[in-house]
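Me: I would like to go through this structure with you. Could we begin with how the chain is put together?

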Amino acid sequence: MLRLRGYTKMYEGSSTDSMYEIWFGEIRFPVAPAKIQTSINGNNKTINLINESEVNQLKGTKLMDFSLDLMLPGVKYPFAVYNTEGFQRPDYYLEVLEQMKVNRKPFKFKVLRHNFSGESSFDTSLNVSLEDYKIIEDAEDGLDITVEIELKKHVKFGTKKIKIKNKVFRKSNVDTTKKKIVKSYTAKKGDTLLVISRKVYGIGNTNNAGVIYKKNKKKVDRALNGKFGGKFSRRIYTTALPAAVRLTIPAYYEKLEGKIVKR
């Protein structure tokens, strides 16, 4: 058994049965730490009541924190385990940590646990962010470097996307009490121009009826040809039109005060 500044490994010759594997994304660190501290913090809130007593408001837990010290060997040790690329100097792993910090993206933190016979115990695998890390160089460690690392569990979040099929947006101050704008009207039995003007404009008077007549003069004259000979007369406004005559309704109407405004 070899003890090196808190790192305990067992080996026989050049082969090693490591109890832990530490992975940051696709990078495996060569020496597992002597311990990993996992903090599961509560988020409860204590409230002082008027009678000076306290109550505890229970809330969900905070995100888990992980603390560990990683040794970055400066020389190749028999107890260290390397990836397929083989031994890498400490600056290789320091560059990995720096990029994780600069990129500000979560990565997969994996702790694979094995007993000395090589059988899997249980694993930890979750997304984390690299919060802080400290690089410690000690003369007693020679070329080896120790990095104190703080990780925090990462939970994905974001705004919910809503697909809007109808791209017509209405202003909040639209007066929804206004009558629906009518662009055309088919005369019914007993309808006169005055009656129609009241239906489509909300106000029935000779001016509004005249606006409709002028817009549909040929249709109205043809419909009433036998009665008035096409001659303009006030009686045109009060005479029932034949059913099924389709009229175009102008976009202008006259309010009660006599002012013609656009709809």
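Reply: A contact here means heavy atoms within 4.5 Å. Among contacts in the protein chain between residues at least 6 apart in sequence, 57% join residues at least 24 apart. The model is predicted: local features need pLDDT of at least 70 and side-chain atom pairs count only at pLDDT 80 or more, while totals for chains, interfaces and linings use all residues. Residues are numbered from 1 along each chain as its sequence is written, and side-chain values use heavy atoms, with hydrogens and water left out.

Me: How many helices and strands are there in the protein chain?

Reply: The protein chain has six helices and 17 strands. These are DSSP runs numbered from the N terminus, with helices being H or I of at least four residues and strands E of at least two.

Me: And what share of the residues is buried?

Reply: Of the 263 residues in the protein chain, 32% are buried. Buried means under 20% relative accessible area, exposed means over 50%, and partly exposed lies in between (1.4 Å probe, protein chains only).

Me: Turning to charges, how many salt bridges does a search of the whole structure find?

Reply: The search finds five. A salt bridge is a side-chain nitrogen of Lys or Arg within 4 Å of a carboxyl oxygen of Asp or Glu. One of them joins lysine 217 and aspartate 221, at 2.8 Å from N to O.

Me: Where do lysine 217 and aspartate 221 sit relative to each other?

Reply: Both belong to helix α4 (residues 217-223); they are four residues apart, so about one helical turn separates them. Lysine 217 is partly exposed at 40% relative accessible area, whereas aspartate 221 is buried at 14%.

Me: What about arginine 28, buried or exposed?

Reply: Arginine 28 counts as buried because its relative accessibility is 13%. Its side chain meets that of glutamate 21 in a salt bridge of 3.8 Å, N to O, and glutamate 21 is also buried, at 15%.

Me: Which residue pairs with aspartate 91?

Reply: Arginine 89 does, in a salt bridge of 3.2 Å, N to O. Aspartate 91 is partly exposed at 41%, and arginine 89 is exposed at 53%.

Me: Changing topic, which residues form the negative surface patch?

Reply: Asp69, Asp132, Glu148 and Glu150 form that patch. Patch residues have over 30% relative accessible area and no salt bridge, with like charges joined within 9 Å and nonpolar side chains (Val, Leu, Ile, Met, Phe, Trp, Tyr) within 5 Å. Aspartate 132 lies in strand β12 (residues 120-136) and is partly exposed, at 48% relative accessibility.

Notes. Areas by Shrake-Rupley, 256 points an atom, 1.4 Å probe, with all protein chains shown as cover. Lys, Arg positive; Asp, Glu negative; His and termini not counted. Charge placed at Lys NZ, Arg CZ, Asp CG, Glu CD.
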